[in-house]
Amino acid sequence: MPEPHLNGAYYGPSIPPPSKTYHRPGHGEGGGGCCCNPFTCCCSCIFNCICTCIFQILCTLLVIIAVVGFICWFVLRPNKVNFHISDASLTQFDFSTRNNTLYYDLHLNISIRNPNKRIGIYYDSIEARAMYHGQNFSIVKPDPFYQGHKNTTNLNLVFTGQDSVQLGSEYNVEKDSGVYQIGLRLYMRIRFKFGWIKTKKIKPMIKCDLKVPFKGNGTFERTQCNLDW
């Protein structure tokens with residue numbers, strides 16, 4: 001059947017308008033990699049940069065310190081200073097139970113060896129304490145001195161006098177044997193010198209445990225002392 005005559009143009013069925021789409025901030029396409037708060041992004045970047053710079057600076061400082069330390073060790077080659085009691089003489093060591101007083105006359109010779117080729121030592125102060133079974137009975141203070149490279153210095157310490165102490169049965173035992181166990185402690189303040197550089201003062205303590213024969217009861221044996229910080 002023939003189509004009826006159309007008075008106007010025909011464009012087919014009507015097309016509905018496109019629906020409006022709303023995107024929530026930060027949830028659109030590609031929103032996972034987008035920073036929608038410029039201030040937060042800027043602070044995060046600055047913080048990361050600061051942390052990275054600090055880490056790099058610390059690593060650089062550690063490397064520099066390690067290199068300088070190795071160079072100093074290689075150039076100076078430091079060796080331990082040796083302390084020995086080379087001789088000891090005990091001519092009086094009498095204890096009175098009436099007034100708990102010890103009468104003593106003790107002479108010690110200390111040999112200090114600095115084996116270093118490039119390091120000198122300033123002994124700014126030395127306090128020498130003579131002890132008997134943990135009790136101090138005398139203190140002497142030698143004069144300060146400087147010890148040069150590869151040098152051996154001898155100190156003569158004289159402990160003489162009397163002091164009030166509390167002694168136990170060990171005194172009578174050692175008096176019968178003729179050999180007394182006497183301790184020596186050296187409390188020092190020293191500085192090291194290499195070239196024109198001087199270190200700050202350090203405070204080592206030298207510990208010497210001696211077996212000193214009373215006069216006529218044997219010969220003293222050379223004794224090495226130990227460093228105790």
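## Largest pocket

A pocket is an open set of points on a 1 Å grid over the protein atoms alone, where a 1.4 Å probe fits, with protein on both sides within 12 Å along at least five of seven lines. The model here is predicted: local features need pLDDT of at least 70, side-chain atom pairs count only at pLDDT 80 or more, and totals for chains, interfaces and linings use all residues. Residues are numbered from 1 along each chain as its sequence is written, and side-chain values use heavy atoms, without hydrogens and water.

The largest pocket has a volume of about 340 Å³, counted as the space filled by probe spheres set on the points. Its lining holds 22 residues, each with an atom within 4 Å of a point. Lys-80, Val-81, Phe-83, Phe-192 and Leu-227 lie nearest the centre. Strands β1 (82-96), β3, β7 (179-194) and β11 (226-228) each give two or more residues to this lining. β7 gives the most, with 4 residues. Strands are DSSP runs of E, at least two residues; helices are runs of H or I, at least four.

## Aromatic pairs

Rings of Phe, Tyr and Trp (its six-membered ring) pair if their centres lie within 6.5 Å. The count comes to 12 aromatic pairs. Tyr-132 and Tyr-171 are edge-to-face (planes over 60 degrees apart), because their planes stand at 85 degrees, with ring centres 6.5 Å apart. This pair links distant parts of the chain: Tyr-132 is in strand β3 (residues 120-132) and Tyr-171 in helix α2 (residues 170-177), 39 residues apart.

Tyr-132 has 1% relative accessibility; Tyr-171 has 4%. Ring pairs also link them into a cluster with Phe-93, Phe-95, Tyr-104, Phe-137, Tyr-180 and Phe-214.

## Disulfide and other cysteines

A disulfide is a pair of cysteine sulfur atoms within 2.5 Å. The whole structure has 1. The bond joins Cys-208 to Cys-225, S to S 2.0 Å. The link is right-handed, with 110 degrees about the S-S bond. Cys-208 is in strand β9 (residues 205-213), and Cys-225 is in the loop between β10 (223-224) and β11, 17 residues apart. Cys-208 and Cys-225 are buried.

Cys-49 is partly exposed at 48% relative accessibility, a class that runs between the buried limit and 50%.

Methods:
Rings of Phe, Tyr and Trp (its six-membered ring) pair if their centres lie within 6.5 Å; planes under 30 degrees apart count as stacked, over 60 as edge-to-face and the rest as tilted. Buried means under 20% relative accessible area, exposed over 50%, partly exposed in between (1.4 Å probe, protein chains only).
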